[in-house]
Number of protein chains: 2
Amino acid sequence: MAETALVVFTPSGKRGRFARGTSVLQAARVLGVDVDSVCGGRGLCGRCQITIGEGQFAKHAIRSTAEHTTATSEVEARYDRRVGLKPGRRLGCQAQLLGDLVVDVPPDSQVHKQVVRKRAEVRTIELDPVVRLHHVEVAEPELHAPAGDLQRLQNALRAQWHLDGLTCDLRSLQGLQRALRDGDWKATVAVHSGERIIGVWPGFHDRALGVAVDVGSTTVAAHLCDLASGQVLASAGVMNPQIRFGEDLMSRVSYVMMNPGGEVEMTRVVREAVGHLIDQVAAEARIDPKEILELTFVGNPIMHHLLLGIDPTELGGAPFALAVDEAITLWASELDLLGVHPNARVYVLPCIAGHVGADTAGVILSETPHLSDEITLVVDVGTNAEIVLGNRERLLVASSPTGPAFEGAQISCGQRAAPGAIERLRIDRATLEPRFKVIGCDLWSDDPEFDRATARSGVTGICGSGIIEALAEMYLAGILKSDGTIDGAKAAQSPRIQADGRTFSYLIREGHPEIRIQQNDVRAIQLAKAALYAGARLLMDHLGVDQVERITLAGAFGSHIDPKYAMVLGLIPDCDLAKVGSAGNAAGTGARIALLNRQARAEIERVVRRIEKIETATEPRFQEHFVGAMAIPHATTAYPHLAAAVDLPHPSTSPGAESDPRGRRRRRASG
Amino acid sequence: MAETALVVFTPSGKRGRFARGTSVLQAARVLGVDVDSVCGGRGLCGRCQITIGEGQFAKHAIRSTAEHTTATSEVEARYDRRVGLKPGRRLGCQAQLLGDLVVDVPPDSQVHKQVVRKRAEVRTIELDPVVRLHHVEVAEPELHAPAGDLQRLQNALRAQWHLDGLTCDLRSLQGLQRALRDGDWKATVAVHSGERIIGVWPGFHDRALGVAVDVGSTTVAAHLCDLASGQVLASAGVMNPQIRFGEDLMSRVSYVMMNPGGEVEMTRVVREAVGHLIDQVAAEARIDPKEILELTFVGNPIMHHLLLGIDPTELGGAPFALAVDEAITLWASELDLLGVHPNARVYVLPCIAGHVGADTAGVILSETPHLSDEITLVVDVGTNAEIVLGNRERLLVASSPTGPAFEGAQISCGQRAAPGAIERLRIDRATLEPRFKVIGCDLWSDDPEFDRATARSGVTGICGSGIIEALAEMYLAGILKSDGTIDGAKAAQSPRIQADGRTFSYLIREGHPEIRIQQNDVRAIQLAKAALYAGARLLMDHLGVDQVERITLAGAFGSHIDPKYAMVLGLIPDCDLAKVGSAGNAAGTGARIALLNRQARAEIERVVRRIEKIETATEPRFQEHFVGAMAIPHATTAYPHLAAAVDLPHPSTSPGAESDPRGRRRRRASG
């Protein structure tokens, strides 16, 4: 038998000759094949599982059979009994070369494995966490070689993992003696950034967890992730307890202005809420929160500052100066998060501008407009709308003051998205009768089972996405005129159009509560949608384009509205409807990406530095676009893609721009 | 008049031509002349004071007069009124070039000024603190340039001080907005290691303080220093409160072994003591302890571990494994030192081996054997003796178990060095009558005023250095035989030699308390001095030398003993008496050097890595030397330098080696 054996790894195709008796894992390391290992080849972690190819591989000019490796070792058998090996799998650290072999490395055995995301159009997350576990055998102390425990641990990490120049947190140092001796000079070490020891466990320890946190003004959400697999183990959300100091952002800043020191209290309650959330996800996943080694945070600038204990007052008025816009790394204990591992680190994504925070950085990381060839518009709608426009060449960002109408606030029958809220609505073009669906029930309201199915929740109001559909359908049915007035002339055609003082309203549902769209509701949405559109349009001007090629709607509101109706109302510019999609909680996803991939941190920090920030408040053109965008459809913009997809009202029934003399006057004045 | 002017700086001799109107400070910076400045040329700090040379300077081929600079500016006049300029001094940032000039930079205007040390033979401390203050003018935020406060501060530090890539402590970030706005966009920043912002003050702030702390098993001492001048502003010491858990080191380790968790309590009390000391030196210097930005610590391994909150149990038995031997940098708050600046940093000097701690690292930094051409022996005597031997080529270190006899413990009339303790003693060679001096009084005991002068303290005992002199004088007077027995035959010659059971004692003073040297006292000192000598001798063997060229005695005991007597008794090897000196609290001086000079930290970390550690406990030769060193003088060593300086007893009355058959037997057995 030959003294050396040829081994070919698939799918990489890397190949090389090794002495008989070399383990598959050793061969993979020498060749730079991506095979995971925490235990360093001791058969403990099971990360290095591989499959042996059987047969003649013409492509590789090699004949490979299972007999060309050593038989299943006692260590492997023990791992199989304890944890279980999939059929046909071997442990790469145990299987040794006896002859030529083709070795397949399945995706789940790769260090840089990819984390599956639900939506196909966005990139997958490549796993490359900042915190890595390394099992080591440490030399025992000797009288004649008086190196300290830490030095011997560092030597072991250098020799066994090629990690050099590591420093160590004091708290890890305080537990180091015990860990090394309890583990009989075997230990597992958590290393942050390849630079610093932040945890030491006796013996073999194979669990490193992280939490991605999205601190919203309304809700705080946390996702507990396994840093080794990228898997989300549990998610939870709670109301942001700061709400008792003010419903929206500006009222919280006002609270601080009126109550000096109030920011301290708001910082305390939001940190407590995060702490409770962590306990909750840990309990749900049945893990010890002390195994959480890393946390990432996103949030708008005011949430960001309050989380960090920085007074947000400066963000309440021009020039909206952030205390810090860079990404920040610190100890979780500095944010009073004491339930997690004592040395757990926090990474806070960078802010972009005074109105555009780390949440938008998260959205960009998730939706990757900076990697796109197409001109991409990403809109994250909350109380403000954050608008990102561009492609791999240039990226622009602005914040537009939409107000809370899209969230159902300032709407007479509006409510937050919750069971019982109308979220879909259609109007019969002939009878003008509505039918609708509510959150929590799949039936339309004209289904005979509807009342029974919604008995528990009732029909309580109309949420943001419901408002959009209601207004768009009212416009398409001719109830709403292009200038936004509810057409009193239609009262003759349907009893649902009713006089309401000097204006008219549209009755959706009688009873308790009665649900109707009033003229003021239309006005509130007109203001919000004009602000949103004007922001996007301003960025298009700056970028020098008249058309966007892709639109992504992020955030809860963006996830629920129908892009078609958003376009009918003119919230967003015209675009091929097939290329308009929603991204869900993209900010939270961005936090998760930053948690699982350290390169993503460098990436977003780079992107944020080159992003162009456009201030809407002082741009005369924003005012212009705003006024022009009040009408339905817009006075100034064509929607060819929309017109091809939707049966829009005939020009004669919607005189468009001509019906908005006020807007046109203003435009002239400001132009 | 010429458009440019020639300027020559003394003492550096650097020269260059500059446009008229250039300030002297600017010219110095361009030429790389070492001129200090905190305020960056704003006439606030007064650090850049210079003197204008007047007359024809043939050497430099230049005629310089005061008229070749601008007249005293309003800024200078204000500084003079507020702080005062020395006669003939100008502020370099204000004086502008009008013609050729010779400019002298006095030592106190240099950044790397030297700190004067009292002893001439050691190197001066070059000032180069880790924490530096920088005054900056920061751009105000603008709506169209949404860089955060930190980013604009970083930009200012880059532009005005060439400091790039600085990060910032969260606690500084939290106060940043206030500081910048309160100072009207002028601020002073403390930068640590040229890397991280640790403090921000509104406007001009010119005070950065540091504390060097020596944590001894008996006393904890602190020196408050001005980081800009290197000056010691105040010093204080307290008893180490751990004494209530055990008088010496090993009894404290035993306490932890007997009382699991006892280390937590010992950590708490020593940190509290350091906190109180800091308050004390701050109060004495009338400064706010929040201005303390940097602390350095030395201490033996057990003190080091307890300060850091690391269980010292491992140091109580072989193999005496340190948890960490490297230098450590952390926040003062991690050591519960909350009175100082919230971001103050701590630097703990490296340990060398299980018995040789950061205190010895401090001694080396202070006494610089590693820079010496001469073979230098440094001995720091406490409960253990730390012994360092070598020169710039090689450095060896060992710890020798001398026991506490040198500190006056285990001696019947022994006591700590305190007023009333005998520290000097002479014996009349003919009458065998003693005369002595006590601590706190300059008179000898045969002075008629002595009793009155010591009425308050009394004569209470004999301290470590007193014991050495007493025994050496007893030997020189023939009372003590070479094998260490008090010669009963002398009882006939003097009533002071008295039978004491089966042995004899020497009466120093009658009354209360009666002070006498008993046979057991001699034995205790013999054991201690033999251990000390054997350690030094062992290192000499390893280094391959028979003679040392310089001896430095460090520590309180080392400062008070007379080298001649130390040599008569054989504590230390033979050496030219002119080259034997004492260093005082060299460990504390080392802490002060590390406080004032960041290069010194890199230096001691480098030295400690290459130092050779010799373990006395397991070296057969140590045992050999120990036995041979019991006699007075040694059985095995010649003292030619000593013999030339001191009238030693005639060989016939001190048969030397031959009188110690027990030692010789043992040597044969172990050899």
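The structure is a predicted model, in which local features need pLDDT of at least 70 and side-chain atom pairs count only at pLDDT 80 or more, whereas totals for chains, interfaces and linings use all residues. Residues are numbered from 1 along each chain as its sequence is written, chains are lettered from A and ligands numbered from 1 in the order in which they are written, and side-chain values use heavy atoms, with hydrogens and water left out.

Salt bridges were considered to begin with, a salt bridge being a side-chain nitrogen of Lys or Arg within 4 Å of a carboxyl oxygen of Asp or Glu. Over all chains, a search of the whole structure finds 68 salt bridges. One of them joins A:Arg345 to A:Asp169, with 2.7 Å between the closest N and O atoms. This pair links distant parts of chain A, since A:Arg345 belongs to strand S19 (residues 345-348) and A:Asp169 to the loop between strand S11 (167-168) and helix H4 (170-182), 176 residues apart. Helices (H or I, at least four residues) and strands (E, at least two) are here DSSP runs, numbered from the N terminus. Both A:Arg345 and A:Asp169 are buried, where buried means under 20% relative accessible area, exposed means over 50%, and partly exposed lies in between (1.4 Å probe, protein chains only).

In chain B, the side chains of B:Arg42 and B:Glu137 meet in a salt bridge with an N to O distance of 2.8 Å. Because B:Arg42 lies in the loop between helix H1 (24-31) and strand S3 (49-52) of chain B, while B:Glu137 lies in strand S10 (residues 131-137) of chain B, the pair ties together parts that are 95 residues apart in sequence. B:Arg42 counts as partly exposed at 22% relative accessibility, and B:Glu137 counts as partly exposed at 37%. A further salt bridge connects B:Arg394 with B:Glu612, the closest N and O atoms being 2.7 Å apart. Here B:Arg394 lies in the loop between strand S21 (385-390) and strand S22 (395-400) of chain B and B:Glu612 in strand S31 (residues 612-614) of chain B, so the pair ties together parts that are 218 residues apart in sequence. The relative accessible area is 30% for B:Arg394, which is partly exposed, and 28% for B:Glu612, which is also partly exposed. Salt bridges that share partners also join A:Asp149, A:Arg152, A:Arg181 and B:Glu314 into one network.

A:Ala556, in helix H12 (residues 555-560) of chain A, is exposed, with a relative accessible area of 58%. A:Ala556 and A:Ala417 are 139 residues apart in sequence, and their C-alpha atoms are 8.7 Å apart in space.

Strand pairing was then examined, two strands being paired if DSSP finds at least two bridges between them. In chain B, strand S15 (residues 219-226) and strand S16 (residues 232-239) pair in the antiparallel sense over seven bridges, and B:His223 stands opposite B:Ser235 in S16(B). These strands form a hairpin with five residues between them, and B:Gly230 in the turn has a positive phi of about 80°.

In chain A, an open sheet of three strands has the order S24-S23-S25, with mixed pairing. Its edge strands are S24 (434-438) and S25 (461-462), each of which pairs on one side only. Strand S23 (residues 421-427) of chain A runs parallel to S25(A), to which two bridges join it, and A:Ile422 stands opposite A:Ile462 in S25(A).
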